[in-house]
Amino acid sequence: MELSLSTALAFAVTAVLTLTLRPLALRLGITDKPGGRKQHIGEIPLIGGIAMFIGILVAAMTTVQTTGLWTLLVPAALLVTVGVIDDRYNIRVSARLAAQTCAVLVMMIGGGLYLRDIGDPFGTGRLGLGILAIPVSVLVTLSVINAFNFIDGIDGLAASMALIGLTAAGLATGLSAPAVSVAAMACGATLGFLLFNFPAFRNRRLRTFMGDAGSTLLGFVVVWFALSISQGEGRSMSPVAALWFALMPLSDFFSCVVRRVARGKMPLHAGREHFHYVLMRAGLSVRQVLAVLLAFSVLYSAVGLIGVRQKLPDWALFAPWFTLLALQSFIIRGLAVRLRHRRWRASQIVVELPASGAATHSYATQPRLAARQRNGQGLSGAGIQPQHDEAPLQPLGDSARPIEAHAPERGRMPACRGGGE
């Protein structure tokens, strides 16, 4: 009952605030403007992050004991504040990273929530981190936060992946861990935001983006929840199992970082290496890209859920997780190549019925025409007019109407403002 109330209250507060804050955001210029890589139409308010945070805050203060939640709410408030400033003024990457590091340290040092061990990924026993606990925890947390920031490129993607991961992780604990209430509130707030952001809904006139404030908030909530249920004596799952619930955002993040570093670019600067860009260049619409990436996210979260329920050993979960982390970019790009090949084959298809009809007509009349010409009769004497209007056959390529044409998506095209993007 308490979980349902927390979810419903966070949902309602987020939905109401998203509506009421729109005029203020437009007046203050806290909007996402089209141009460059951002191909959406009109200025879209960037208030989703503020609305979700207040929704979580109100639900926590109303339905949950808040004495132990300050390690979540205080760092989250810092991230949202810096995110709103970045959405409005576009601050430097170094300033954003500094703020994120401060928020992470408040959670870890102030609340004692960090990676003390990483489970048993190699089958050699539980691996403690010792003096490396804090540095490794900071790197892992910053990676998750910016992974959700990176993947926030098309409508509904980052919020839906956070919703899937939190729901699956909560179910994996049997809804018995104390931190599940936080996951329930975050899910409610995310659903309230998706009413105005998910591209399958009729929300064009009320479209809202979460901005950096929202994407970093969701990434922080996901890693806070993962640490809460995977560390300490009363853990509900291994840290290795928790990795499955964020596999898609992390694989996109590391794929972009590796490719940018290999090209001599800054890893946290803007680029077009993201999975959603790759699939859209292959011809998929925004909704189709969303469906493909969310299907991967559901699959991997289901693997993590099954692994926890079946009590699989850490090494049996870590080996495939690491393999997919390394190969996910090749999987996405292989899918894109296959889609482009299908489009190319479709562009080579010719209209056969007119061609066969013309050929039949030509073969049937050719002997008669030859005979009449031998008898001194031309085309006019035969009563047959030359077919000057028959154009040569052309393939149905992009200049014609393709077989699998995709209308241009009028929703938000990838903006990719994540992690310095």
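**View 1. The lining of the largest cavity in this predicted model.** Leu79, Val82, Gly83, Asp86, Arg96, Ala99, Gln100, Asn149, Asp212, Ala213 and Thr216 line the largest cavity. Here a cavity is a set of points, on a 1 Å grid over the protein atoms alone, where a 1.4 Å probe fits but cannot get out, and lining residues have an atom within 4 Å of a point. The volume of the largest cavity is about 80 Å³, taken as the space filled by probe spheres set on the points, with grid points joined across faces, edges and corners. In total, the structure holds 4 cavities of 30 Å³ or more. Helix H4 (70-89), helix H5 (93-111) and helix H9 (211-230) each supply at least two residues of this lining, and H4 provides the largest share, 4 residues. Helices are DSSP runs (H or I, at least four residues), numbered from the N terminus. Sorted by class, the lining has 4 nonpolar, 4 polar and 3 charged residues. For this sorting, Ala, Val, Leu, Ile, Met, Phe, Trp, Tyr, Cys and Pro are nonpolar, Asp, Glu, Lys and Arg are charged, and the others, Gly among them, are polar.

View 2. Of the 31 residues that line it, Leu115, Val140, Pro239, Leu243 and Trp321 are the closest to its centre. A pocket is an open set of points with protein on both sides within 12 Å along at least five of seven lines. Helix H6 (133-151), H7, H9, helix H10 (239-243), helix H11 (247-262) and H14 each give at least two residues to the lining; H9 gives the most, with 7 residues. The lining of the largest pocket divides into 27 nonpolar, 4 polar and no charged residues.

**View 3. Helix H3 crossing H8.** Two packed helices are described by the angle between their axes and the distance between the axes. For helix H3 (residues 48-63) and H8, the axes come within 9 Å and cross at roughly 145°. Each axis is a line fitted to C-alpha atoms over the stretch in contact, and angles run from 0 to 180 degrees between N-to-C directions. The crossing is right-handed, a label for a near helix turned clockwise from the far one by less than a right angle. On the H3 side, Gly48, Met52, Ile56, Ala59 and Ala60 meet Met185, Ala186, Ala189, Thr190 and Phe193 of H8, where contact means heavy atoms within 4.5 Å. These contact residues of H3 and H8 divide into 8 nonpolar, 2 polar and no charged.

View 4. At 55% relative accessibility, Asn90 counts as exposed; exposed means over 50% relative accessible area, buried under 20% and partly exposed in between (1.4 Å probe, protein chains only). Lys311, also not a glycine, has a positive phi of about 55°. Pro178 and Ile229 are 51 residues apart in sequence and 8.6 Å apart in space, C-alpha to C-alpha.

**Notes for all views.** Residues are numbered from 1 along each chain as its sequence is written, and side-chain values use heavy atoms, with hydrogens and water left out. In this predicted model, local features need pLDDT of at least 70 and side-chain atom pairs count only at pLDDT 80 or more, while totals for chains, interfaces and linings use all residues.
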